[in-house]
Amino acid sequence: MKMTTENSSGNSEITMEDVKNLMKKKDNIEEQIKAYYDVLEDQGVGVEGPLVDDEGYPRADVNVYQIRTARHNISCLQNDHKAIMVEIEEALHKLHAREKAKRSQDEAEAQGEAMEQQVSLPPPFARVDAVTDGSPACAAGLRVGDEVIEFGSVNSQNFQNLQNIASVVQHSEGKPLRVVVIRVDQKVQMSLTPQRWSGRGLLGCNIVPVQR
């Protein structure tokens with residue numbers, strides 16, 4: 001009564017369904033073992049009780065054939081139970097090892113994507129070092145520490161000095177400007193509309209050049 005499973009050869013990938021099937025087989029073996037023990041208990045002999053009388057003849061008060069069959073099957077099933085427990089342990093080990101490897105791969109891919117994004121981002125030409133509450137810059141989502149890589153028509157390629165940004169702002173009053181910044185190594189895009197407000201200027205923020 002040798003137990004075998006489809007994945008015991010190791011050629012196929014173990015799945016949680018395979019483990020569940022192995023557990024079902026284990027439970028089935030345990031039920032069979034219990035049933036045979038019940039047979040022995042009904043006969044009142046157990047696993048080791050003698051099957052012959054004091055004179056060496058087969059006992060007439062019990063079913064000797066049924067007892068011997070039950071004892072033999074219990075022995076075989078116990079071996080099967082040991083084998084299936086080993087298979088379950090190996091299957092769980094392989095399953096956990098594959099899940100661990102997959103997590104490591106996912107983490108490596110995520111790190112690779114983050115590094116690739118960092119490499120692909122253009123260098124910032126300016127940094128926001130102040131944003132006033134209630135200002136157009138604040139409403140647009142601009143934050144202190146944001147590193148500017150695009151401000152309207154000004155970008156890392158054509159930026160020369162802060163006058164470039166000031167000129168764009170003056171000519172874009174009331175018109176939304178596309179602003180792209182780097183924030184915690186991530187590219188963030190927003191729409192900023194220069195306009196009159198209760199404070200000074202049209203933006204309500206202070207931008208300083210980044211030394212390159």
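1. Searching the whole structure, a predicted model, turns up 1 aromatic pair (Phe, Tyr and Trp rings, the six-membered one for Trp, with centres within 6.5 Å). The ring centres of Phe125 and Phe159 are 4.6 Å apart and the planes meet at 25°, so the pair is stacked (planes under 30 degrees apart; over 60 is edge-to-face and the rest tilted).

2. Phe125 sits in the loop between α2 (64-120) and β1, and Phe159 in the loop between β3 (154-155) and α4, so the pair ties together parts 34 residues apart in sequence. Helices (H or I, at least four residues) and strands (E, at least two) are DSSP runs numbered from the N terminus. Both Phe125 and Phe159 are buried (under 20% relative accessible area, 1.4 Å probe, protein chains only).

3. Phe125 is also among the residues that touch the most other members of the largest nonpolar core, which has 21 residues; Leu142 and Phe151 are two others. Such a core joins buried Ala, Val, Leu, Ile, Met, Phe, Trp, Tyr and Cys residues through side-chain atoms within 4.5 Å. Elements giving two or more residues to this core include β1 (126-131), α3 (136-140) and β5 (186-192). A second, separate core has 10 residues, including Ile29 and Leu77.

4. Ile29 is one of the buried residues of α1, as are Leu22 and Ile33. Helix α1 (residues 16-43) reaches 41 Å from first C-alpha to last, close to the expected 40 Å (1.5 Å times one less than its number of residues).

5. Residues are numbered from 1 along each chain as its sequence is written. Local features need pLDDT of at least 70 and side-chain atom pairs 80 or more, while totals for chains, interfaces and linings use all residues; side-chain values use heavy atoms, without hydrogens or water.

Conventions
Buried < 20%, exposed > 50% of the residue type's maximum accessible area, 1.4 Å probe, protein only.
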